[in-house]
Amino acid sequence: MDFGFTKDEQAFRERLSDFLDKELTEEIARQNWEDLGVKSEAREFSLKLAAYGFLGLSWPKEYGGQGLPPTYDFILLDELGKRWGAHVPLDVGYTMVGPTILRRGGEDLKKEFLPRIINGEIEFCLGYTEPNAGSDLASMGMRAVDEGDYFVINGQKTFNTECHYSEYHWLAVRTDADPNISKHKGITLFVVDMDSPGITVRPLWTMSGERTNEVYYEDVKVPKSRMVGEENKGFYYMMEALGSERNQVFVPGRLAPILDDLIQYVKETEVDGKPLSKDPLVRHKLAQASIELEVATVLADHSRWLESNDLPMAYQAEITKVFTSELEQRLVNSGMEILGLFSQLMEGSKWVPSRGRISWYFLHSFMTTIGAGTSEVGRSVIAQRGLGLPRAY
Amino acid sequence: MDFHFTEEQRILQKTARDFLQAECPSSFVLEMEDDEKGYTQELWNKMAELGWMALVIPEEYDGVGGNLVDLVVMLEEMGRFCLPGPFFSTVVLGCLGIMEAGSEEQMRTFLPKIGAGELVLTMAISEPQNRKYDPFRVGVKAEAKENDFIINGTKLFVPDAHVSDYIICTARTSGDQRSKEGVTLFVVSSKSPGIHMTPMKTLAGDKQFEVDFKEVSVPNDHVLGQIDQGGEILEKILQKGAICKCAEMLGGSQKVLEIATEYAKEREQFGRPIGSFQAVQHHCSNMLMDIEGSRYITYKVAWLLGEGIPCTKQVSAAKAWTSEGYKRVAGLGHQIMGATGYIIEHDMPLYSRRAKIAELALGDAGYHRDVIAKELGL
């Protein structure tokens with residue numbers, strides 16, 4: 001066993017830390033994390049990350065990467081997370097779409113997209129969920145019909161979060177609607193230009209102020225060259241990518257700044273002449289958060305290690321997902337309790353503690369146990385894949 | 001980073017599991033709860049023959065030269081089978097204690113004999129006034145008198161004292177009762193005149209004792225480390241002890257999960273296995289999540305401690321998490337087993353009772369949260 005990092009990995013982390021301390025402002029971090037839309041500052045930051053050689057280390061050399069192990073990308077995510085930057089600025093492309101194109105896409109698709117993803121130039125939005133296909137994703141009904149050189153797509157997606165600022169839609173649609181085959185076997189993945197005629201994006205505003213979208217397709221033509229891998233294999237491509245996506249998206253390190261902010265707050269805030277940090281209840285809440293953060297970190301490290309070494313990862317990344325998202329809720333709830341009466345105040349209010357970060361996170365945290373699969377689906381997956389319990393549905 | 005066991009560790013794990021499977025069935029564990037001694041010499045000797053007591057002792061003292069992760073692998077198996085007897089007291093509290101601070105002469109005196117299974121050791125920490133666990137709050141006094149120290153006072157919750165040859169006893173040689181400074185560690189012969197032991201009846205039937213020291217004389221050369229400097233040594237021993245306790249708990253909780261999962265697959269109600277119901281599946285996945293967290297934080301901290309990397313916060317995180325995790329796992333195990341698991345001959349009560357004992361040993365989650373709060377600068 002070895003829980004340390006190599007000298008090269010440490011050197012990379014140090015170089016990266018220096019860069020991020022200078023370049024990653026809270027404004028940029030929030031543009032991405034709060035899904036308000038990656039604006040010019042975050043786009044510039046993305047290009048700079050690439051220009052300084054911090055993007056693409058774990059990607060193959062032939063597409064502009066450096067051919068190093070996935071550990072480097074995980075270090076990048078951890079260091080961004082520590083500074084409120086939840087992920088790389090254009091993260092859907094970098095952490096979800098890119099790897100599947102690399103694994104399953106044809107050579108043309110790889111050449112067209114991978115170098116631009118690695119250079120931090122383009123972003124994708126995920127086009128999976130539909131009004132009637134949430135946890136039961138394979139029941140999606142949006143339809144693509146083969147018209148020779150292209151497909152014609154009609155239907156609706158919902159909760160497609162980055163669509164208002166992405167160049168491309170990473171779209172899963174039904175290409176085979178035969179009711180006699182398994183619904184998992186009729187889904188195909190496409191890369192669709194977001195400025196294609198016939199696409200309408202409507203905002204859905206969430207309780208935390210984040211924006212997500214409904215997306216409507218009306219006779220949208222998508223060239224066959226934009227089909228990912230084989231026809232009707234899309235659902236399997238989505239599933240095989242899931243573990244890695246969880247490893248890249250559910251990064252315990254991103255909870256560290258919340259805890260750090262709370263620690264600072266309780267040290268600086270006095271009640272009856274005594275700092276809140278001396279209150280046993282407060283101490284225990286924060287200590288418990290710290291314990292759980294240590295546990296989340298080692299759980300994530302374990303599933304990352306499995307991925308990095310191409311070892312079977314049946315349920316471990318699901319544990320990382322469920323644990324980290326629920327930890328976020330527990331941590332933020334503890335934070336709100338510690339801030340007490342003042343916890344309800346939002347950014348911009350005169351008396352707001354911790355710049356409103358905790359109250360924003362409180363609102364946000366309702367989503368973490370739902371997005372990318374609910375905790376309930378996650379627990380069933382863990383029980384079935386991890387322990388071999390029989391499926392009930 | 002590498003989460004793999006070494007080949008030697010895999011062999012160790014398998015050997016330990018096979019041996020304990022054969023030698024330590026749950027009927028034996030239950031029987032030993034009512035036995036005054038609490039284990040059999042025969043089993044102890046067999047373990048010694050396998051070299052288990054010598055596992056972490058350096059080769060120069062006739063040991064195997066293993067590291068803390070090796071010991072964790074071994075203890076995980078012992079926790080899995082609820083092994084009765086003074087292995088933990090001897091090898092973790094006693095042997096690691098002497099290895100931490102013993103003089104060359106003490107090492108030569110004790111380690112080879114411990115390794116050979118010829119000595120049983122234990123450690124005396126808690127006292128009657130410590131209603132809240134605090135190993136550094138030491139009231140038992142040791143006073144210098146010519147070439148000896150004279151120890152007076154009462155220690156509680158001393159594991160396996162009745163079968164021990166030596167007790168590593170914390171005693172105050174100077175300073176305030178609450179101060180970490182002024183604590184000294186003594187290796188006291190358990191047969192010394194003035195020592196009186198009374199069993200403390202616990203809910204797991206393990207063997208813990210009240211040990212009264214009345215004018216107990218300990219020679220100068222039985223001081224472990226420096227006089228008044230025992231607090232620092234104690235902290236190091238207890239950190240290793242805590243992670244070793246985590247290993248035991250990990251093994252126990254893994255076994256509970258296996259018992260419950262197997263039952264959930266076989267037991268049918270409403271015409272189908274109860275393990276197909278989501279409520280039961282989610283109980284099982286909660287157990288697995290708790291255990292995976294306990295597992296990797298235990299391995300990680302054992303590695304950190306073995307490498308000598310400071311990790312006070314992580315040690316406490318591991319003990320707090322694993323203590324509460326084992327308790328939750330045992331609770332869910334009972335829930336899945338239903339009334340069957342409530343019967344004393346069933347395996348479940350072995351684990352749920354030991355989960356509680358282990359939680360309390362070497363600091364419960366509350367104690368360790370206090371340690372972490374300090375580490376966070378609060």
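Domain bounds here come from an automatic or database domain assignment.

**View 1. The three domains of chain B in this predicted model.** Take a moment to find domain 1 and domain 3 of chain B, whose centres, taken over C-alpha atoms, are 21 Å apart.

**View 2. Where domain 1 of chain B meets domain 3 of chain B.** Here 22 residues from domain 1 of chain B and 24 residues from domain 3 of chain B take part in the contact. On the domain 1 side, the elements giving two or more residues are helix 2 (26–34), helix 4 (68–80) and helix 5 (87–101) of chain B. Helix 4 of chain B gives the most to this side, with 10 residues. Sorted by class, the domain 1 side has 14 nonpolar, four polar and four charged residues.

**View 3. Where chain B meets chain A.** Now look across to the other chain: 33 residues of chain A are in contact with 39 residues of chain B. On the chain B side, two or more residues come from each of helix 7 (230–266), helix 8 (278–307), helix 9 (312–337) and helix 11 (365–375) of chain B.

**View 4. A closer look at the chain B side of the contact with chain A.** Which helix of chain B gives the most to the side that touches chain A? Helix 8 of chain B does, with 15 residues. Taken as a whole, the side of chain B that touches chain A has 22 nonpolar, 11 polar and six charged residues.

Notes
Residues numbered from 1 in each chain as written. Chains lettered and ligands numbered in written order. Predicted model: local features only at pLDDT ≥ 70, side-chain atom pairs only at ≥ 80, totals over all residues. Contact = placed C-beta atoms within 7 Å. Helix = DSSP H or I, 4+ residues; strand = E, 2+ residues; numbered from the N terminus. Nonpolar A, V, L, I, M, F, W, Y, C, P; charged D, E, K, R; others polar.
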